[in-house]
Amino acid sequence: MRSFSKSFTLILVSQCYTVADLQRELVPVQDGLSAEESEETWDTIATAITKLIALTKGCSADFPRDILEAVRGLSRPLNNAINSERTKLSGVAIELIASLSRELQRSFEPLLPLFIPTLLSMCTR
């Protein structure tokens, strides 16, 4: 596992060697993102998104379709996190979108309609 630091947030890179590895690693992400945002849960949601960033960095080259499918299924809670008033939560969610676009490159295009409207509306606040 490699790590690097960006914006004072340590992001680990999670390697997956099979689709089964990726799916197993996605379970805690999906669980964390299924929580309704509150004072008690926002950090759990941010941690789940951070884990998804690590998976994006470590697995998207080998399993881009699976990453796309997972993110597509999580688009509603991810958009909610982007719209959050908590800057740490919205920041890590925006960082995920940046990471996805960087790692997936042209494969990111199917996700544009899911996230661009939210990002644009955020710019008007």
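Visitor: Is C123 buried or exposed?
Guide: Relative accessible area, taken with a 1.4 Å probe on protein chains only, is called buried when under 20%, exposed when over 50% and partly exposed in between. The value for C123 is 65%, which means that C123 is exposed.

Visitor: What kind of model is this?
Guide: Residues are numbered from 1 along each chain as its sequence is written, and side-chain values use heavy atoms, with hydrogens and water left out. Local features need pLDDT of at least 70 and side-chain atom pairs count only at pLDDT 80 or more, whereas totals for chains, interfaces and linings use all residues, since this is a predicted model.

Visitor: How many disulfides does the structure hold?
Guide: A disulfide requires two cysteine sulfur atoms within 2.5 Å. C16 is buried, at a relative accessible area of 1%. The search of the whole structure returns a disulfide count of 0.

Visitor: How many residues apart in sequence are the parts tied together by E25 and K51?
Guide: Their side chains meet in a salt bridge of 2.5 Å, N to O, a term that needs a side-chain nitrogen of Lys or Arg within 4 Å of a carboxyl oxygen of Asp or Glu. Helices are DSSP runs of H or I with at least four residues, numbered from the N terminus. E25 belongs to α1 and K51 to α2, so the separation that the pair bridges is 26 residues.

Visitor: Which residues form a network of salt bridges that includes R86?
Guide: R86 and E39 meet through their side chains at 3.3 Å, N to O. This pair joins the loop between α4 and α5, where R86 lies, to the loop between α1 and α2, where E39 lies, 47 residues apart. R86 is partly exposed at 25% relative accessible area, whereas E39 is exposed at 54%. The linked residues are E37, E39 and R86.

Visitor: How many salt bridges are there by this rule?
Guide: Among them is the pair E109 and R106, at 3.5 Å, N to O. E109 is partly exposed at 40% relative accessibility, and R106 is exposed at 66%. The count of salt bridges is 6.

Visitor: At which residue does α1 kink?
Guide: The expected span of a helix is 1.5 Å times one less than its number of residues. For the 15 residues of α1 this gives 21 Å, in agreement with the 21 Å between its end C-alpha atoms. The bend at a residue is the angle between axes fitted to the seven residues ending there and the seven starting there. A kink of about 30 degrees lies shortly before the proline P28, at L26.

Visitor: Which helices do the buried residues of α1 pack against?
Guide: The buried residues of α1 are D21, L22, L26, V29, G32 and L33. With contact meaning heavy atoms within 4.5 Å, they pack against α2, α3 and α4.

Technical notes. Helices (H or I, at least four residues) and strands (E, at least two) are DSSP runs, numbered from the N terminus.
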